[in-house]
Amino acid sequence: MAALNPHESRGIPRSAKTTTRILVIDDDACVSSAIRAIMARRQCEAVPALRAHAGIHTFHTSGFDVVMVDLFMPGMNGLDTITQIRSESAVPIIAMSGFRLRNSLDPDQDFLGMAMLRGATITLRKPFSPPQLVAAIDRSLGLACSTGDSE
Amino acid sequence: MTQKADRTKHPSFSKGIKVSGEQAEEPEIGRPYPERIRTPNEVGSAIVHQLNGPLTALRLYMGEIRQHSGRLGTTETDDSLQQIVENAFQETERVCTMIRLIADTLEAPLHQEGAVELGRDVINWWTRSSGTEGGGNANGPGVADAASPQSIHALLTPRQREVLSHISQGCSNKQGALRMQIGPRTFESHRARVMQKFRARNAADLVRLAFGEHAATP
């Protein structure tokens with residue numbers, strides 16, 4: 001049994017015994033399938049959700065150590081999803097997107113930056129490699145343990 | 001309407017909405033039309049969005065395969081790695097199908113000569129906007145910027161170039177024909193050919209073309 005309450009999982013040091021559970025909210029099923037296949041080989045369980053509402057529902061009904069959220073989805077977008085999850089939980093959130101869509105007039109502002117403002121723990125730009133994925137999950141768990149310090 | 005005031009703040013909306021007397025209807029020569037910036041942005045965004053999913057999946061699969069490539073084909077091969085190889089193959093097929101669909105969706109210009117030029121323009125736009133990395137010489141030395149007069153002239157025959165030059169100097173068909181010592185009908189046919197090549201609608205388009213700007217935006 002993994003940690004049932006995301007608040008409880010904050011203080012738990014990850015050991016080889018506990019399976020890290022990852023909720024992947026992405027409308028592109030091939031992304032969550034790939035994350036699931038890669039993480040399964042590392043004894044982590046990734047649960048896919050194709051829409052924000054379905055993802056939030058799954059988040060409520062089951063315990064997760066990390067939530068990965070894609071920013072551009074039909075229906076509720078990733079930014080609002082992050083806001084909603086953050087309003088009720090301190091679970092580490094990884095915002096992922098292939099878009100930066102920087103405005104040349106305001107290059108510091110992009111969608112991944114906005115995700116951080118909404119409460120994402122870290123961001124991951126698509127397409128990412130397995131080491132980047134694993135590092136992002138590790139880092140987000142580590143950051144969540146150290147009382148949400150951002151770099 | 002406050003919406004109008006807000007929209008005009010954004011530079012890409014400046015064309016088409018008259019803000020003040022200073023705002024010219026025509027953009028300056030050498031500056032691309034806002035529509036020409038927006039359209040590639042939209043097309044590019046759509047393509048990025050389409051390809052990001054399968055490419056993310058592919059990168060994950062291929063990274064994993066590479067890391068454990070030593071075990072492939074040996075008795076050590078585990079089922080989950082085999083499955084990842086199979087998934088990677090499926091994603092590759094999916095990316096190829098997507099690229100084919102995207103390529104088929106793009107509307108071609110009416111004329112084949114223009115098609116090559118427009119294609120180059122798109123590639124040049126991309127290398128320009130992708131910044132310093134690989135930009136500039138990525139197309140090789142022979143490929144000129146489509147907006148530059150050299151590349152437009154490269155598509156024209158010497159006669160057509162001459163006709164374009166006379167038109168850009170303000171000559172009528174008759175005057176141009178006289179200067180070139182050819183019949184007005186011949187001058188007109190050269191002119192028609194140039195207009196057809198670049199989808200120019202009128203003499204003003206041709207003049208812009210001669211000065212290195214694109215003529216028609218459909």
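Here is a chat about a predicted model with chains A and B.

User: Hi! What elements does chain A have, and how many of each?

Analyst: Hello! Keep in mind that this is a predicted model. Chain A has 6 helices and 5 strands. Reading from the N terminus, they run α-β-α-β-α-β-α-β-α-β-α.

User: What sheet do the strands make, and in which order?

Analyst: They form an open sheet of 5 strands in chain A, with parallel pairing and the order β2-β1-β3-β4-β5.

User: Which strands stand at the edges?

Analyst: Those are β2 (44–49) and β5 (122–125) of chain A. Each has a single partner strand, so one side of each is left without a neighbour in the sheet.

User: And how are neighbouring strands turned against each other?

Analyst: On average by 20°, with direction ignored.

User: Can we zoom in on one pair? How many bridges join β1 to β2 in chain A?

Analyst: There are 6 bridges between strand β1 (residues 20–25) and β2(A), and the two run parallel. To find a spot in the viewer, look for A:Ile22, which stands opposite A:Ala46 in β2(A).

User: Which helix lies across those two strands?

Analyst: Helix α2 of chain A, residues 29–40, lies across β1 and β2 of that chain. Relative to β2(A), this helix runs at about 170°.

User: Let's go inside. How much of chain A is buried?

Analyst: Of its 151 residues, 42% count as buried. As for contacts in chain A with a separation of 6 or more, 65% of them are between residues 24 or more positions apart.

User: Which residues touch the most other members of the largest nonpolar core?

Analyst: That core has 45 residues, and A:Val67, A:Met68 and A:Ile94 touch the most other members. Helix α2(A) supplies the largest share of the core, 7 residues.

User: What does A:Met68 touch?

Analyst: Leaving out residues up to four places away in sequence, A:Met68 touches A:Ile22, A:Leu23, A:Val24, A:Ile25, A:Ile94 and A:Met96. Apart from this core lies another one, of 12 residues, including B:Val163, B:Leu164, B:Ala177 and B:Phe187.

User: New topic: how many residues are in contact between the chains?

Analyst: 18 residues of chain B are in contact with 19 residues of chain A. On the chain B side, the elements giving two or more residues are α2 (34–67) and α3 (79–105). The largest share, 13 residues, comes from α2(B).

User: How do helices α7 and α8 of chain B pack?

Analyst: Helix α7 (residues 173–180) and helix α8 (residues 184–198) of chain B pack at an angle of about 105°, with their axes 8 Å apart. That angle makes α7(B) roughly perpendicular to α8(B).

User: Which residues make the contact?

Analyst: From α7(B) they are B:Asn173, B:Lys174, B:Gly176, B:Ala177 and B:Met180, and from α8(B) they are B:Pro184, B:Phe187, B:Glu188 and B:Arg191. These divide into 4 nonpolar, 2 polar and 3 charged residues.

User: Last one: is B:Leu209 buried or exposed?

Analyst: B:Leu209 has 25 other C-beta atoms within 10 Å, so this residue is buried; the cut-off for that is 20 or more. B:Leu209 lies in helix α9 (residues 203–210) of chain B. The C-alpha atoms of B:Leu209 and B:Phe198 are separated by 8.2 Å, and these two residues are 11 residues apart along the chain.

Notes. Residues are numbered from 1 along each chain as its sequence is written. Chains are lettered from A and ligands numbered from 1 in the order in which they are written. This is a predicted model: local features need pLDDT of at least 70, side-chain atom pairs count only at pLDDT 80 or more; totals for chains, interfaces and linings use all residues. Axes are lines fitted to C-alpha atoms, for helices over the stretch in contact, and angles run from 0 to 180 degrees between N-to-C directions. Helices (H or I, at least four residues) and strands (E, at least two) are DSSP runs, numbered from the N terminus. Angles under 35 degrees count as roughly parallel, over 145 as roughly antiparallel, 65 to 115 as roughly perpendicular and the rest as oblique. Two residues are in contact if their C-beta atoms, placed from the backbone, lie within 7 Å. Ala, Val, Leu, Ile, Met, Phe, Trp, Tyr, Cys and Pro count as nonpolar, Asp, Glu, Lys and Arg as charged, and the others, Gly among them, as polar. Two strands pair if DSSP finds at least two bridges between them. A nonpolar core is a set of buried Ala, Val, Leu, Ile, Met, Phe, Trp, Tyr and Cys residues joined through C-beta atoms within 7 Å.
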